[in-house]
Amino acid sequence: MEESDHIVRMRLLLQAWQTPDICALREQCDSALTRVRFHHSLRRRWQEVRALTNIYEAAYLSRWEGSPISTSDLRDLTMREGPHEAGTLTTGEQFALGIWRSQWHVMTLMPPLNRTPTTRPASQPALPNLVAGLHRDITSLLATSGYVERSRIAVPASPRRLAHVLSYVTGDVPAVVSAAAVWADCAAHPLFEPGSRSVGAAVARWILTVRGTDPTGVVTVSKLSATDPQRVARIVSGWAAPDHSYAHDVLAFFLSSLIAGVDDALDIALSVQAGHPRQ
């Protein structure tokens, strides 16, 4: 019996994980993540930094999804008083706010930093519920305005596709490999419409945080996806190709994205510490 596509892809990812150039990137990434982990700005104001990271990640994802919005504009939208009235917002603003809600959702599931003896870890939902909940967040305002039919919300393209994504999350593999596989698969084979890329990126961020690769939860994962669209499009199309030839490139891109996300995290942390949130 031939191996299923998702099993082949994971096997190739694990092979690529051990190649010399990927190992070199892993070392760079580990070093960068360590710099964030012990950054002095996170000792007391980690919640503010996480909250601002949500805005940056959501703005990057909005751009990758085809609805660009600046971080300052998105931040202004999130700070409006009262519930957002979908009818007063553009479709792009509705989409961006929904993506931001999904990032906030992920943040609520992150283990707290600087725990005290009375700190309780966040309760983690069942994986299918998490994935469905993220898509509900993303499409919440779009559904209210009638742009997305409610019957399409949190309904995967196929049970088989959802099973593949969940297998990447639950497999006994390094967290970065798991997160990269979810990220690539949700982009290459849309699990939901709209917003599959954003669901995959949100799950990837969740994996990296709850499994301890980025316990701070302040590292963005989508900066390169937003700023290097030609490269990411090539990698995503390669993941979808029948020869599965892009497993190595997926890991290289995802590790590079995390390294870029560390630079973001340090800038955001310093801006929060200075009292001048980065724009």
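Which helices are included in what covers the buried residues of H7? The panels below start with that helix. The model is predicted, with local features needing pLDDT of at least 70 and side-chain atom pairs counted only at pLDDT 80 or more, while totals for chains, interfaces and linings use all residues. Residues are numbered from 1 along each chain as its sequence is written, and side-chain values use heavy atoms, without hydrogens or water.

**Panel A. Helix H7 and its cover.** H7 spans residues 159–170. Helices here are DSSP runs of H or I with at least four residues, numbered from the N terminus. Its 12 residues reach 16 Å from first C-alpha to last, close to the expected 16 Å. That expected span is 1.5 Å times one less than the number of residues. Buried in H7 are Arg-161, Leu-162, His-164, Val-165, Leu-166, Tyr-168 and Val-169. Buried means under 20% relative accessible area, exposed over 50%, and partly exposed in between (1.4 Å probe, protein chains only). The cover over these residues includes H1 (5–17), H6 (127–144), H8 (175–188), H9 (196–210) and H11 (229–240). Contact means heavy atoms within 4.5 Å.

Panel B. Asp-137 sits in helix H6. Leaving out residues up to four places away in sequence, Asp-137 touches Gly-98, Arg-101, Ser-102 and His-105.

Panel C. The structure holds 0 disulfides. A disulfide is a pair of cysteine sulfur atoms within 2.5 Å. The closest cysteine sulfur to that of Cys-23 belongs to Cys-29, 13 Å away and too far for a bond. Cys-23 is partly exposed, at 25% relative accessibility. Cys-29 is buried, with a relative accessible area of 2%.

**Panel D. Trp-183 stacked on Phe-253.** The structure holds 6 aromatic pairs. In this one, ring centres lie 5.4 Å apart and planes meet at 25°, so the pair is stacked. Rings of Phe, Tyr and Trp (its six-membered ring) pair if their centres lie within 6.5 Å; planes under 30 degrees apart are stacked, over 60 edge-to-face, the rest tilted. Trp-183 lies in H8 and Phe-253 in H12 (residues 247–274), so the pair ties together parts 70 residues apart in sequence. Both Trp-183 and Phe-253 are buried. Trp-64, Trp-183, Phe-253 and Phe-254 form one aromatic cluster.

Definitions and conventions. Helix = DSSP H or I, 4+ residues; strand = E, 2+ residues; numbered from the N terminus.
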